[in-house]
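Work through the exercises below with the sequence and the structure side by side. Try each task before reading its solution.

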Amino acid sequence: MSHIVRTTRLTKVFQGKEVVSDVNLSIQQGEIYGFLGPNGAGKTTVMKMLTNLVKPTGGEIEIFGEKLTPKSYGLLGRMGTIIEYPIFYDKLKARENLELHCEYMGYYNKNSIDDALELVNLKNIDHKPVKDFSLGMKQRLGIARAIITKPELLILDEPINGLDPVGIKEIRDLFKMLSKEYGMTLLISSHILGEMEQMADTIGVINHGRLIEEVPMERVRERNTEYIELVVSDSKKAAFLLSDQLNLTNFKVIDEHTLRVYDARAAQNEISKVLIMNDVMIDSIHKKNSSLEDYFISLLNGGGLSA
Ligand SMILES: Nc1ncnc2c1ncn2[C@@H]1O[C@H](COP(=O)(O)OP(=O)(O)OP(=O)(O)O)[C@@H](O)[C@H]1O
């Protein structure tokens, strides 16, 4: 696989403050790259630099194997983007907005507007100006506009904002289809971690302007472990009993009431029996899966696969 986007020590300083620091991104052809980070981490600024909306203070950007410069109009023409919120001519209808966009991009294909509207599942909109659209409808129209010219690279900043759960699933399926069937490369930022877990091939995690991890989703999944979480009256006493009576060693006391048992041999009913017989009250006992959410939090706290 070849790189579609590569940045080298990409840096941005705003008013003396470094908001993006030495970021080395590497996005492969045809993949969905989930760009994760808390608010203010620098995701939008990176995406703006990739689309020439903001000039880097330092570092380099290579897209489709070519260096991005202020004059890279050809490269920009091969991308579809939504950065921050999609902006439209509010008084015009969806179709008119898309026609204007195609004209601007010099893209003429009779069926492309209908195809794009169908792909994002926008229906019965021909009578409405865009100002009467819901946020979710505007988001769908933004995606339609980004994909209408069949770009090779899609750069989408929080594209599922404002969508309901059914809408999120539809758009997720659309993104997967664009990547698998059309071979498009997608860079998608989000703070909805569960969403990325179901969609991304690779995740990049940014915090305080630094890319702290870039890792294939496969590796995050492999690392996911099942555990039993216990909420009890006295976690220290419970911990003693687990080791003394059940010979368990792989568990962790989280706080005075909670502990997690990672030992694969542990049976919930055995644990319950021992605790109850020794006067430890059980509030709850559940099997859980550590998720991308846990991984993300551990990364922001300084952990991670490469740590
Ligand atoms: N034009 C600007 N002038 C000054 N500071 C800016 C500018 N644009 C962004 N910043 C600052 O840069 C930092 C990174 O912002 P950015 O929007 O890139 O983060 P983000 O990860 O996209 O966050 P969010 O999810 O909240 O949009 C923030 O501290 C922000 O206040």
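**Exercise 1. In which order do the four strands of the open sheet stand, and is the pairing parallel or antiparallel?**

Before starting, note that this is a predicted model, in which local features need pLDDT of at least 70 and side-chain atom pairs count only at pLDDT 80 or more, while totals for chains, interfaces and linings use all residues. Residues are numbered from 1 along each chain as its sequence is written.

Step 1. Find the strands; helices (H or I, at least four residues) and strands (E, at least two) are DSSP runs, numbered from the N terminus.

Step 2. Read the order across the sheet: E13-E14-E12-E15, with antiparallel pairing. Two strands pair if DSSP finds at least two bridges between them.

Step 3. Look at the edges. Strand E13 (251-253) and strand E15 (282-289) have a single partner strand each, so one side of each is left without a neighbour in the sheet.

Step 4. Follow the twist, which averages 20 degrees from one strand to the next. Angles run from 0 to 180 degrees between N-to-C directions, and axes are lines fitted to C-alpha atoms, for helices over the stretch in contact.

Step 5. Check one pair. E12 (residues 226-232) and E14 (residues 258-261) are joined by four bridges, and Val231 stands opposite Thr258 in E14.

Step 6. Contact here requires C-beta atoms, placed from the backbone, within 7 Å.

**Exercise 2. Which residues of helix H11 are buried, and which are exposed on the face turned away from them?**

Step 1. Apply the cut-offs: a residue is buried if 20 or more other C-beta atoms lie within 10 Å of its own, exposed if 12 or fewer, and partly exposed in between, with C-beta atoms placed from the backbone.

Step 2. In H11 (residues 292-300), the buried residues are Leu292, Tyr295, Phe296 and Leu299. They are on the same side of H11 because they cover an arc of only 100 degrees around the axis. The arc is that of the directions from the helix axis to the C-beta atoms.

Step 3. An α-helix has 3.6 residues a turn, so residues three or four places apart point the same way.

Step 4. Turn to the other face, which carries the exposed residues Glu293 and Ile297.

Step 5. List the partners of the buried side: strands E4 (32-36), E10 (202-207) and E11 (210-216), and helices H7 (193-199) and H8 (217-223).

Step 6. Two of these partners, E10 and E11, pair in the antiparallel sense over six bridges. They form a hairpin with two residues between them, and His208 in the turn has a positive phi of about 45 degrees.

Notes: Contact = placed C-beta atoms within 7 Å.
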